[in-house]
Amino acid sequence: MEASYGKEPFDLRLLLLRLGRNLWKILALTILGTVLFGGGYYVKNVLLQPDPGYAASSTYKVEYVENPNAVGAYYINEATWNSLLHTGEFLDGVETHLQEAAERGETGAAAVLEQGRDRWIEALSAALPSDFSIPVTKATTQDPGESIALAHAAEETMCGEFAESMPEITRIKVLDHGDFAEAVVPDVRPVRAVILAAVLSLFFVVVIFLLWELSRDSIWLPATLRRRYGLHSLGTVESTGFAENVKYLLEKADAHKIAVCGALPEADPQEAVDRLRELQPAGREQTSGRVQPIDREWIAVPSPLLCPESAETLRAADVVLLAVPAGATVGKRLEAVLEYLTAQDCKVDGAFLWNADETLIRSYYFLPMIGSDTADNDMNTRNTEMEHTKTTQAEGEQA
C-alpha cells in the first residue's frame with residue numbers, strides 16, 4: 001500500500017493545537033533565549049564596560065571659498081573630518097601646542113603629551129551634527145583636565161596650521177571652546193535589547209518548532225489514516241462511535257476470527273484485544289428464526305516489525321484490525337509495515353489509533369471533553385438507549 005501525502009491537506013488547525021500543547025516549551029525556550037542574548041548584551045555593555053571617561057567638545061565655523069551648499073562646491077564631510085584629525089600633519093600641530101601648554105604649566109597638557117599619538121588618535125573624533133560648515137571635535141580621555149588640554153590643542157591646530165594648509169578654506173574660528181569636560185554617557189539600551197532578544201527568540205523558536213513539527217511525520221488524528229494511507233479508519237478506542245464502527249465492520253464481514261495487529265511495537269496487541277472485547281459484546285446471528293450468539297475468536301498479533309511471521313496469522317483471519325499508535329515519527333514506520341503486509345497479501349480491513357491524545361482530538365473536532373457535563377449527559381443517554389434495546393431483545397427471546 002502506497003502512502004499518498006498529496007491527498008493530505010495542510011492542517012493549520014492541528015498545527016495550532018499542537019503549538020498550544022507545546023506552549024510551555026516555547027515560552028521556556030523564549031525565556032532562555034532572552035536571558036542568554038539580552039543578558040549577554042547587559043553583561044558586555046554594562047557590567048564589563050570600561051569607564052567611558054570625560055569628553056570636551058569644541059564647535060567651529062568653517063568659511064569655505066565657495067558656499068558648501070552650492071551645487072558642485074567643495075566641502076568636507078564627517079568621515080573626511082575624522083580622517084584629517086588623525087593625519088600626521090594635524091597631530092604634529094597638536095603635539096606642538098601641547099608642548100607649549102606644558103611649558104606654560106597648564107593642567108593636563110604634560111600628561112596628554114606623554115600618552116603619545118596612538119592615544120590621541122583614539123581620543124579625537126569629529127562630527128557634523130547639522131551643517132557642513134559647523135564641525136564639532138571631541139576629545140575623550142579618562143581625566144577631565146586631560147580632555148580639556150587635548151581639546152584646546154586641537155582648537156589651536158584647527159584654526160592655525162590646518163586652516164592655512166587647506167586652499168578651499170578661508171578660515172576656521174571657534175564658536176564654542178572645549179573648556180568643560182562632561183562625563184560620557186554610553187549609548188546602552190538594555191531594556192530595548194532585552195525586548196528585542198525576547199521577540200527574536202520567540203520568532204525563531206516558533207519557526208523551528210513549526211519546521212520540526214512538520215518534519216516529524218506524526219499521526220495525531222484518525223482521519224490521517226484515511227487521508228494518507230487509504231485505510232478504513234475506525235477512530236480511537238475512546239471515541240464515541242468506535243464501538244459501533246467495529247460492530248458494523250464485523251457484522252458486515254460476518255467475521256468469526258478477528259486478528260488485532262499492533263502496527264508498531266508501541267501498540268500492545270493483547271491490551272488492544274482486551275479493550276475490544278470490553279467494547280464488543282458477543283455478537284448474535286439469526287438462525288431458524290431464533291437469535292443465536294456468534295462465536296468470535298480474537299487473536300492478538302504482534303507487529304510485523306517484531307515478528308514477520310505474523311503475516312501468516314493475518315492471512316488466516318476473517319478480519320484484520322490494525323492498532324496504530326498515535327504520536328510523532330510514526331508515519332514512515334507505519335508505511336514500512338503496510339508495504340510488508342501488501343507484499344504478504346494481508347488485507348487490512350480497519351485501523352484505529354492507539355493511545356491517542358483524546359483532548360487534542362476533541363479540541364480539533366469541537367467535541368465536548370470527557371468528564372464535562374455535556375459529555376456525561378450524552379453518555380447517560382446512550383447507556384439508557386442501550387439498556388432499553390437489550391431489554392427489548394431479551395423480551396423477544398423469551399417470547
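Predicted model: local features only at pLDDT ≥ 70, side-chain atom pairs only at ≥ 80, totals over all residues.
Mentor: Residues are numbered from 1 along each chain as its sequence is written, and side-chain values use heavy atoms, with hydrogens and water left out.

Trainee: Why is Thr59 called buried?

Mentor: Thr59 has a relative accessible area of 19%, and buried means under 20% (exposed is over 50%, partly exposed is in between, with a 1.4 Å probe and protein chains only). So Thr59 counts as buried. Across the protein chain, buried residues make up 39% of the 399 residues.

Trainee: Where is Thr59 found, and what is Thr59 in contact with?

Mentor: Thr59 sits in strand 1, residues 54-64. Strands (E, at least two residues) and helices (H or I, at least four) are DSSP runs, numbered from the N terminus. Leaving aside neighbours within four places in sequence, Thr59 is in contact (heavy atoms within 4.5 Å) with Ile134, Pro135, Val136, Lys173, Val174, Leu175 and Asp176.

Trainee: What makes helix 1 and helix 8 oblique to each other?

Mentor: The axes of helix 1 (residues 12-21) and helix 8 (residues 190-215) cross at roughly 120° and come within 11 Å. Axes are lines fitted to C-alpha atoms, for helices over the stretch in contact, and angles run from 0 to 180 degrees between N-to-C directions. Under 35 degrees is roughly parallel, over 145 roughly antiparallel, 65 to 115 roughly perpendicular, and the rest oblique. Helix 1 and helix 8 are therefore oblique. Leu15, Arg18 and Leu19 of helix 1 make the contact with Phe209, Leu210, Glu213 and Leu214 of helix 8.

Trainee: What is the angle between helix 2 and helix 8, and how far apart are their axes?

Mentor: Helix 2 (residues 23-47) packs on helix 8 at about 145°, with the axes 8 Å apart. Among the residues making that contact are Gly33, Phe37 and Tyr41 of helix 2 and Ala197, Ser201 and Val205 of helix 8.

Trainee: Which residues does UniProt annotate as "transmembrane region"?

Mentor: The unreviewed UniProt entry gives 23-43 and 193-212. Positions follow the numbering used here, feature names are shortened, and annotations may be inferred rather than shown by experiment. In the model, residues 23-43 are 100% helix, with end C-alpha atoms 29 Å apart. Residues 193-212 are also 100% helix, and their end C-alpha atoms lie 28 Å apart.
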